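Trainee: Could we go through this structure together? I would like to discuss helix packing and charged pairs.

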Amino acid sequence: MTDPIADMLTRIRNAIMVKKETVEIPSSNMKKAIADIMLAEGYVSDVKLVEDGYNGKLVITLKYINKNQSVINALRRASKPGLRLYTDVENMPRVMNGMGIAIISTNKGIMTNKQAKAENVGGEVLCYIW
């Protein structure tokens, strides 16, 4: 697999389309950090790390409004292995005029675009969620 973050976003997107309650994703530190940000921002209800003897699995419980409409409208990968996308503080992306978030990988860790702007750091734009 050349792009594990895109795989994670695709698994979540596919689970939302078929209205699944949970989705299992092979775990890594970066995926765990992205899932924790999604939990903190209110896009998912729960994130658990389940040990399976290998790397573990992330079990993400999706959040729905009225049991049929997902809180997440769209997930989009920004920086790809073939074309990396970097930003500085002055050109920090705004998603849906502030209604969504961009997840940024900085030298201070993985954070949202708002946190990165407050910390005055730039980095690689991983994905957009709204």
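Mentor: Let us begin with a definition: a residue is buried under 20% relative accessible area, exposed over 50%, and partly exposed in between (1.4 Å probe, protein chains only). This is a predicted model, in which local features need pLDDT of at least 70, side-chain atom pairs count only at pLDDT 80 or more, and totals for chains, interfaces and linings use all residues. Residues are numbered from 1 along each chain as its sequence is written, and side-chain values use heavy atoms, without hydrogens and water.

Trainee: Where does K48 fall, then?

Mentor: K48 is partly exposed, at 48% relative accessibility.

Trainee: Which residue does K48 meet in a salt bridge?

Mentor: Its partner is D46, at 3.8 Å, N to O. A salt bridge places a side-chain nitrogen of Lys or Arg within 4 Å of a carboxyl oxygen of Asp or Glu. D46 is partly exposed too, with a relative accessible area of 26%.

Trainee: How many salt bridges are there in the whole structure?

Mentor: The search finds 7. One of them joins D7 and R11 (3.0 Å, N to O). These two residues are 4 apart in helix α1, and therefore about one helical turn separates them. R11 is partly exposed, at 31%.

Trainee: Changing topic, at what angle do α1 and α2 cross?

Mentor: The axes of α1 (residues 4–17) and α2 (residues 29–40) cross at roughly 40° and come within 10 Å. The crossing is right-handed.

Trainee: Which residues of α1 meet α2?

Mentor: P4, I5, M8 and I12 do, and their counterparts in α2 include I34 and M38; contact means heavy atoms within 4.5 Å.

Definitions and conventions. Axes are lines fitted to C-alpha atoms, for helices over the stretch in contact, and angles run from 0 to 180 degrees between N-to-C directions. A crossing is left-handed if the near helix is turned anticlockwise from the far one by less than a right angle, and right-handed if clockwise.
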